[in-house]
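Here is a friendly walk through one protein chain, meant to be read with the model open beside you. Please load it and follow along.

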Amino acid sequence: MNRAEHLAWAKDRALEYADRGDLAQAMASLGSDLNKHPDTENHSGMELMMMLAIGGHLNAPGELRKFIEGFQ
């Protein structure tokens, strides 16, 4: 699986959790899945996601969905 395919897979899995309202699991899933591929391992976007979450900017499923969909 190349980087783009792996990223799409990780995002799809995370979005399933976000759409169910399980925001913590969506973020955990994305981080875990990204670390499973050498080209997405330690992705800098994870740090940004955590800072936004701690700051209260990803408190709704729609907010998290928008963030995940824009993840590159």
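In which helix does His-6 lie? His-6 belongs to helix α1, residues 3-19, where helices (DSSP runs of H or I, at least four residues) and strands (runs of E, at least two) are numbered from the N terminus. Before going further, please note that this is a predicted model, in which local features need pLDDT of at least 70 and side-chain atom pairs count only at pLDDT 80 or more, while totals for chains, interfaces and linings use all residues. Residues are numbered from 1 along each chain as its sequence is written, and side-chain values use heavy atoms, with hydrogens and water left out.

Let us step back to the overall fold. The chain contains four helices and zero strands, and its elements run α-α-α-α from the N terminus on. Along the principal axes, the C-alpha atoms fill a box of roughly 30 × 20 × 15 Å. A compact globule of 72 residues would have a radius of gyration near 11 Å, and the chain agrees because its own value is 11 Å; the radius is taken over C-alpha atoms, and the globule rule is 2.2 Å times the number of residues to the power 0.38. Of the 72 residues in the chain, 38% are buried, where buried means under 20% relative accessible area, exposed means over 50%, and partly exposed lies in between (1.4 Å probe, protein chains only). Among contacts with a separation of 6 or more, 56% are accounted for by residues 24 or more positions apart; a contact here means heavy atoms within 4.5 Å.

The axes of α1 and α2 come within 7 Å and cross at roughly 165°. These axes are lines fitted to C-alpha atoms, for helices over the stretch in contact, and the angles run from 0 to 180 degrees between N-to-C directions. The two helices, α1 and α2, are therefore roughly antiparallel, a label for angles over 145 degrees, whereas those under 35 count as roughly parallel, 65 to 115 as roughly perpendicular and the rest as oblique. On the α1 side the contact includes His-6, Trp-9, Ala-10 and Arg-13, and on the α2 side it includes Ala-26, Leu-30, Asp-33 and Leu-34. By class, the contact of α1 with α2 has ten nonpolar, three polar and three charged residues. Here Ala, Val, Leu, Ile, Met, Phe, Trp, Tyr, Cys and Pro count as nonpolar, Asp, Glu, Lys and Arg as charged, and the others, Gly among them, as polar.

His-6 counts as buried because its relative accessibility is 5%. Beyond residues up to four places away in sequence, His-6 touches Met-1, Asp-33, Leu-34, Lys-36, His-37 and Thr-40. Leaving aside neighbours within four places, Asp-33 is in contact with His-6, Trp-9, Ala-10 and Arg-13. Leu-34, also found in helix α2, counts as buried at 0% relative accessibility. Apart from neighbours within four places in sequence, the contacts of Leu-34 include His-6, Leu-7, Met-46 and Phe-71.

Which helix does α2 approach at roughly 15°? The axes of α2 (residues 23-34) and α4 (residues 61-69) come within 10 Å and cross at that angle, which means that α2 is roughly parallel to α4. In this contact, Leu-23, Ala-26, Met-27 and Leu-30 of α2 meet Pro-61, Leu-64 and Ile-68 of α4. The residues of the contact divide into seven nonpolar, no polar and no charged. Leu-64, placed in helix α4, counts as buried because its relative accessibility is 0%. Not counting residues up to four places away, Leu-64 touches Ala-18, Leu-23, Ala-26, Met-27, Met-49 and Leu-58.

Finally, visit a loop. Asn-42 lies between α2 and α3 (44-54), and at 68% relative accessibility it counts as exposed. Most residues other than glycine have a negative phi. Asn-42, although not a glycine, has a positive phi of about 55°.
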